[in-house]
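Welcome, and thanks for stopping by. Have a look at the model below, and then let us talk it through.

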Amino acid sequence: MSDPTPTTCMRCAVGCGHLQHPADIGHGIDLVSGDVNHPVSRGLACQRGIEESADPDGEWLTQPLVRENGDLLATTWDVALGRVARTFRDALDRCRDAVAVLGSGQQTNEAAYALGKLARGGFGTRHYDANTTLCMASAVTAYYDAFGSDAPPPTYNDIPDADVHVVWGANPAVAHPVMFRWITESAEDGDLVVVDPVETRSALAADRHVALDPGTDLALARGVLARVVERGDVDESFVERATVGFPELRDSLPEAAAAADAAGVDVGTLDALATAFTRRTLCYWGMGVNQSTQGTATAGALVDLCLATGNLRPGSGPFSLTGQANSMGTRVCSSKGTWPGQRGFADPNERRVVAEAWDVPVDRLPDDPGPGPVGVVDAIADGPVEAVWTVATNPVAGLPDASAARERLDDAFLVVQDAFRTETVEHADVVLPAATWGESEGTTTNMERRVSRVRAATGVPSGVRTDLEIVQAVGEGVVPGLFEGKSPEAVFEELAALTAGTPADLSGMSYDRLDAEGAVRWPAPDATSAGGYRYHHEDDGTERWDVPTSSGRARFSTASHDGLAEPTDGAFPLTLTTGREPDGYNTGVRSRGEDAPERPRARVHPSTLAAHGDDLAVESRRATVPVRLDADDAVPEGTVWLPIHHPRTNELTLPATDPRSDEPNYKQCAVRLVPAADRADASVTGRAPGDD
Ligand code: SF4
């Protein structure tokens, strides 16, 4: 067997080191194991990451395809790229916002940076976003609001030092298994509190499970803040020295009993959470918080809880959990919501720096970051978008109200770049087959800001090209001269240089340094520095905080609970909530085997099941989806739980978005259970391929 190649797992954002053994046939991975030398994981790895790296499910794309007379037919790269370039050029001649680009948190930093450079600096389109907005954007917006910079203040190094771990609207036992192991190990000498309407695996492992009503996280967080204030648990010294806006927060807080009532808990539960935050507490949150029309406000309230109790020092703090492997890198590199390095999108000086670095006219850079993925697809119907290019993302299954999104994408010239035959491929006009994990060189950035190398353990199969090669080839066809065929290392050097002096400074990193050290955390402004806990400093035993806001202090927020985006009523009396199954990521493209169930598995409380038959469909105002129904008392009464990664689930979900972050409200909408035979086949529109 060949020597293994050290690389980084590209499944989730924990960022474990893997050793990949190539197959002897020239491409493919034979064996994957944890890498004991990787500084993040020291040999740990989870089964999902190993299996999806070594032997992913899904039908591989092996050659370019073009649609002819309704069918996708094999073609050459020249034909496929020529059709893309001609169509993009024609559309851009009419309007530079006419070409939309949807990227992914699964790309390397290099590919994500190149895609952003092409979309923003080459095409000049405002219709550019990534699937990271579908899961992380609310946390990002809350971090900017509070600290003037995105990314968690704490790192993994803080996990062993925390006394209390509060996991809010997240299920890391399933989503981030290696990290959850660190959390539970630390909690052996402390406490683990899980806040979630559903009794998840994380909740089962907790010392306390707070089962709030679905969609009431902001009411609960604000109620806890009210009790922190009433009980005198505010860290007055920290608030005085390091924050602004506390009086406004205090004046805006609800009456605690009313907040508890809104969240479906008692005041004693508020007190238990308030007590937790009086100790050294890490507060983690995930999509249960972010995927809401009030996601930014809720994430902000969790940050407020940390600030009010002085939990902004090592061993504590607000720690958003990132899903996809390179969501963080996409946020730093890809010119989506900020320019590389968190340079302000609207700042004239920053725009000039970026335009000069890319050698493009500054007025080609769009002046607003765009409407988010839902708005991008809407702009096919009611805006200028004529062509859409998706890269390592599956909007036909992944966007809310997926049937409507699919119909809109059918009206555009759709270019799909992916390694696997997804639902979106079936609607494409051109398909560009991309290399995947183990076949590409580059870097990735995990959720605690650590950049590490992604290496090719095996060759790229014949007929397939890397993401970076494809982006550069499309760029050459539409905007010649933007890239000059740079290698991944040269692209990283260009990216790192552009981040110099910014809050997310990568300029002290190089491939040589990453090879030598294994992983380096940003900010790293020179060749020996690396980031640690953000904002907190200690000089001769004296603490100080330095936050990149205009005041140098962290900012409190004041938003209050506003109810569900689509509340239940007499016609739709149940609340749908969505969550992750253990093997589910990115619409399950790499984990859905041939025998994957055609109907999603809906979990309901036994009392809900008893009130209905068993051949059922879930119906929302947007679609009807047949399901397999399981009784499960982990799910609260009146709630229907569906796996977010089943390709049918998002036909039901609500396309409303958070007005600040553009993140969709995937987590709650109003549904009812109906007999499948009577309603489903007649009502479902645009069924996903493969379903009967
Ligand atoms: S925890 Fe995440 S990064 Fe680590 S091996 Fe599992 S999937 Fe990969």
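## A walk through the chain

Visitor: In strand 10, which residue is the bridge partner of Val 195?

Guide: Please keep in mind that this is a predicted model. Strand 9 (residues 191–195) is joined to strand 10 (residues 208–210) by three bridges, and the two run parallel. In strand 10, the residue that partners Val 195 is Val 210.

Visitor: How many bridges join strand 8 to strand 9?

Guide: Strand 9 is mostly covered, with four of its five residues buried. Val 166 has Val 193 in strand 9 as its bridge partner. Strand 8 (residues 164–168) runs parallel to strand 9, and the number of bridges joining them is five.

Visitor: What radius of gyration does the chain have?

Guide: The C-alpha trace spans about 70 × 70 × 55 Å along its principal axes. For 692 residues, a compact globule would have a radius of gyration near 26 Å, and the chain agrees with that, at 24 Å.

Visitor: Among contacts between residues at least 6 apart in sequence, what percentage join residues at least 24 apart?

Guide: The chain has 24 helices and 29 strands, and 61% of its 692 residues count as buried. Of the contacts you ask about, the share that join residues at least 24 apart is 75%.

Visitor: Which elements give two or more residues to the shell around the ligand?

Guide: The ligand is surrounded by 13 residues, and the closest are Cys 9, Cys 12, Cys 16, Cys 46 and Gly 49. The elements that give two or more residues to this shell are helix 1 (47–54) and helix 6 (177–187).

Visitor: Which elements are included in what covers the buried residues of helix 17?

Guide: Helix 17 (residues 372–382) has eight buried residues out of eleven, so it is largely enclosed by the rest of the structure. Among those buried are Gly 372, Pro 373, Val 374 and Ile 380. Their cover includes strand 6 (99–103), strand 7 (128–130), helix 18 (395–398) and helix 19 (402–410).

Visitor: Is Gly 337 buried or exposed?

Guide: Gly 337 lies in the loop between helix 15 (327–333) and helix 16 (348–358). Leaving aside residues up to four places away in sequence, Gly 337 touches Val 140, Phe 345 and Pro 369. A residue needs 20 or more other C-beta atoms within 10 Å to qualify, and because Gly 337 has 24 such neighbours, it counts as buried.

Visitor: Ala 151 and Asp 359 each have a positive phi; which one is exposed?

Guide: Most residues other than glycine have a negative phi. Ala 151, in the loop between helix 4 (137–147) and strand 8, has a phi near 105 degrees and is buried, with 25 other C-beta atoms within 10 Å. The other residue is in the loop between helix 16 and helix 17 and has a phi of about 55 degrees. With 9 other C-beta atoms within 10 Å, the exposed one is Asp 359.

Visitor: Which residue does a cis peptide bond join to Trp 522?

Guide: Most peptide bonds are trans. In this bond omega is about 0 degrees.

How values were computed. Residues numbered from 1 in each chain as written. Predicted model: local features only at pLDDT ≥ 70, side-chain atom pairs only at ≥ 80, totals over all residues. Buried ≥ 20, exposed ≤ 12 C-beta atoms within 10 Å, placed from the backbone. Pairing = 2+ DSSP bridges. Rg over C-alpha atoms; globule rule 2.2 N^0.38 Å. Contact = placed C-beta atoms within 7 Å. Near = placed C-beta within 6 Å.
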